[in-house]
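Trainee: Please take one part of this model and go through it closely. I would like the contacts, the pairing and the surroundings in one connected account.

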Amino acid sequence: MLENGKGPSLPVTSGECEREPDRRPLLQGFHQDAEGHWVAELSCGHTQHLRHQPPWQNRAWVLDPTQRQRLLGQPFTCGWCAAQAAPMDKE
Ligand SMILES: [Zn+2]
């Protein structure tokens, strides 16, 4: 008994890979706070301070309008949401 055909080999593509969609909020805008620091406005409702205080926080890009424009509408990591998503010891 020859078993030639092993049946149609099914490609293992049952649905997409378990690739997580980018759940990061989108960067919707910028404004400057009272001290002139740039603040990112995110679609999650949070804001992220983008302080440029070298050498501690080096975000020279945020001073450049072109660079800021480039990030508009892009996913942006929200520290607040990230903290919520991370398992926290509440006790
Ligand atoms: Zn957020």
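Mentor: Start with the contacts of Glu41. Leaving out residues up to four places away in sequence, Glu41 touches Gln28, Gly29, Phe30, His31 and Thr47. Contact here means that two C-beta atoms, placed from the backbone, lie within 7 Å. Glu41 sits in strand β2. Strands are DSSP runs of E with at least two residues, helices are runs of H or I with at least four, and both are numbered from the N terminus. Glu41 counts as partly exposed, because it has 18 C-beta neighbours inside 10 Å. The cut-offs are these: 20 or more other C-beta atoms within 10 Å make a residue buried, 12 or fewer make it exposed, and partly exposed lies in between, with C-beta atoms placed from the backbone. Further along the chain, Leu72 is 31 residues from Glu41, and their C-alpha atoms are separated by 9.6 Å.

Two points on the ground rules. This is a predicted model, where local features need pLDDT of at least 70, side-chain atom pairs count only at pLDDT 80 or more, and totals for chains, interfaces and linings use all residues. Residues are numbered from 1 along each chain as its sequence is written.

Take the β1 side first. Strand β2 covers residues 38-42 and pairs with β1 in the antiparallel sense over 5 bridges. Pairing requires that DSSP finds at least two bridges between the strands. Glu41 in β2 stands opposite Gly29. Val39 in β2 stands opposite His31. The hairpin of β1 and β2 has 5 residues between the strands, and Gly36 there takes a positive phi near 90°.

Phe30 belongs to β1. Its contacts, neighbours within four places in sequence aside, are Trp38, Val39, Ala40, Glu41 and Arg68. Phe30 is partly exposed, with 18 other C-beta atoms within 10 Å. From C-alpha to C-alpha, Phe30 and Leu42 are 8.9 Å apart in space, and 12 residues apart in sequence.

Now the β3 side. Strands β2 and β3 run antiparallel and are joined by 4 bridges. Val39 faces His49 in β3. Trp38 has Leu50 in β3 as its bridge partner. The hairpin of β2 and β3 has 4 residues between the strands, and Gly45 in the turn has a positive phi of about 100°.

Thr47, one of the residues that Glu41 touches, lies in β3. Beyond four places in sequence, Thr47 touches Val39, Ala40, Glu41 and Leu42. Thr47 counts as partly exposed, with 16 C-beta neighbours inside 10 Å. Thr47 and Gly79 are 32 residues apart along the chain, with their C-alpha atoms separated by 9.1 Å.

Next, Ala40. Its contacts, neighbours within four places in sequence aside, are Leu27, Phe30, Thr47, Gln48, Leu50 and Phe76. Ala40 is also part of the largest nonpolar core, 5 residues made up of Leu27, Ala40, Leu42, Phe76 and Cys78. Such a core is a set of buried Ala, Val, Leu, Ile, Met, Phe, Trp, Tyr and Cys residues joined through C-beta atoms within 7 Å. In soluble globular proteins, nonpolar side chains tend to be buried together.

Last, the wider chain. Its elements run β-β-β-α-α from the N terminus on, giving 2 helices and 3 strands. Of its 91 residues, 8% count as buried. Among contacts between residues at least 6 apart in sequence, 40% join residues at least 24 apart. The peptide bond that joins Pro54 and Pro55 is cis, with omega about 5°.
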